[in-house]
Amino acid sequence: MSSPHERLAVGQLGALLLDAGVSVTDTRTMLVDSIPPALRNEISIAVLPANVFIGETATANASIVESPREELSLLQAARTHRLLQRLAAGTHTVQEAAAQIASIRSDRPRHPDFRWILGNALISVGLATLFRCPWWAIVLALVVGVLVGGVMTWVRRLPGSVAILPFLAAFVSTLLVGGAAQALTLGEVPLFAICAPVALLVPGALITNSLLELTSVDTVTGTSRLIYGTIMLGFMAAGIAAGVALTGVDINAASASRIGETIALSTHATGWQGFPPNWFAWLGVVVLAIGVGIAFGADHTLIAVTIVMMTITYGMLIGFGVLVGDVAAAGVTACILFIAARLLERTTRIAPAVAFFQPAFLLLVPGTVGLVALTSLEGDALFAALGTFVSLCIGTKMGAIVFDISRDRRRRDTLSPTAT
């Protein structure tokens, strides 16, 4: 019979996965796959966004472990992944995992405020470059990214700041960008110059998990996450609208709102008003990936992985966009990335699938691009964002089906007495 210490350790491991950004669907699956078969038959596992329920089959007793809701860094997520692999291989027992869990939680990144501000600045300038804003907007995005990152760092320390932070950060970003554009008579402002400094707050991980849960059996959890993520995007859009109304800045409706549109952008302007060349967008992807890694506490290896994954994502979006259009390209890219992330998770000790998959979603709707579409309130942009969301759902589900089929086939081949 399972001991209370074993059940507690399993619950703590599940809470660790939730704080690492893993969906409730994957958390339950990963826990079941990692614990010994004997223990697996003695307990039942149920997972909610902030709680893990461990029930004892024989007595119907249940233990509840609540997640402390402390977002883990990418490095901590990688350590969690390696711990799961050791449990699945049998080199660690569930009791030994308890000490490892405490060690992982205490391994917080050094200088978190500095990392957040620097990461936000790099993400801001990377997105502005990627979406081919004018040179002046790219420089301004870097400066505003530093200032908004400082504001976010200060506000996050205040109690109850979660509700007001998206609105306040978007409002401050719009005031700074719009005020500078008006004071320096820079003309129309591309919307990404305003949205890029607040991209770090876009609930990409939250919406990614909602997609995974909506396409699985956890529809209630997925729906609640999606609603909450949409509300956060709404607060950010309201902050941008309030800043635009206050500064009177003109938004350039012709600026790119999706990656596929960046190739067609052209202008006769030169100097600071001109656009960077198309090839410069690849540099923007690298800077963006480095910013994501720094902000979320990655080491050099994980930053390199993030650069590779985001570069591949960008290349697929551009390539598939030419062949099948932007909307379908998002779904095809999501399907391929999902399968690749799961394969890397199972075959390497680098990081869990969430570390491979979620950074790439910063380039997809409904992330920062979804915020741009919501802020613009243009029918075509909103329709494209909704279509891309559906495409992502289908692509993610197809990727999950393909991976699950191949995994089950490998298990049957392994268990077959004729397997060699």
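1. The side chain of Thr174 has a polar atom that lies 2.8 Å from the backbone oxygen of Ala170, a polar contact in the sense of a pair of N or O atoms within 3.5 Å, where one must be able to donate a hydrogen and the other to accept it. This is a predicted model, in which local features need pLDDT of at least 70 and side-chain atom pairs count only at pLDDT 80 or more, while totals for chains, interfaces and linings use all residues. Residues are numbered from 1 along each chain as its sequence is written, and side-chain values use heavy atoms, with hydrogens and water left out.

2. Thr174 sits in helix H8, residues 161-183, helices being DSSP runs (H or I, at least four residues) numbered from the N terminus. Thr174 counts as buried because its relative accessibility is 0%, the term meaning under 20% relative accessible area with a 1.4 Å probe and protein chains only. Leaving aside residues up to four places away in sequence, Thr174 touches Gly179, Ile194, Gly239, Ile240, Gly243, Val244 and Thr247, contact meaning heavy atoms within 4.5 Å.

3. Ala193 belongs to helix H9, residues 191-195, and is likewise buried, at 1% relative accessibility. With residues up to four places away in sequence not counted, Ala193 touches Cys133, Ala137 and Val177.

4. Elsewhere, the axes of helix H1 (residues 4-19) and helix H5 (residues 94-106) come within 9 Å and cross at roughly 35 degrees, where axes are lines fitted to C-alpha atoms over the stretch in contact and angles run from 0 to 180 degrees between N-to-C directions. Residues that make this contact include Leu13 and Leu16 of H1 and Ala98 and Ile101 of H5.

How values were computed
Helix = DSSP H or I, 4+ residues; strand = E, 2+ residues; numbered from the N terminus. Buried < 20%, exposed > 50% of the residue type's maximum accessible area, 1.4 Å probe, protein only.
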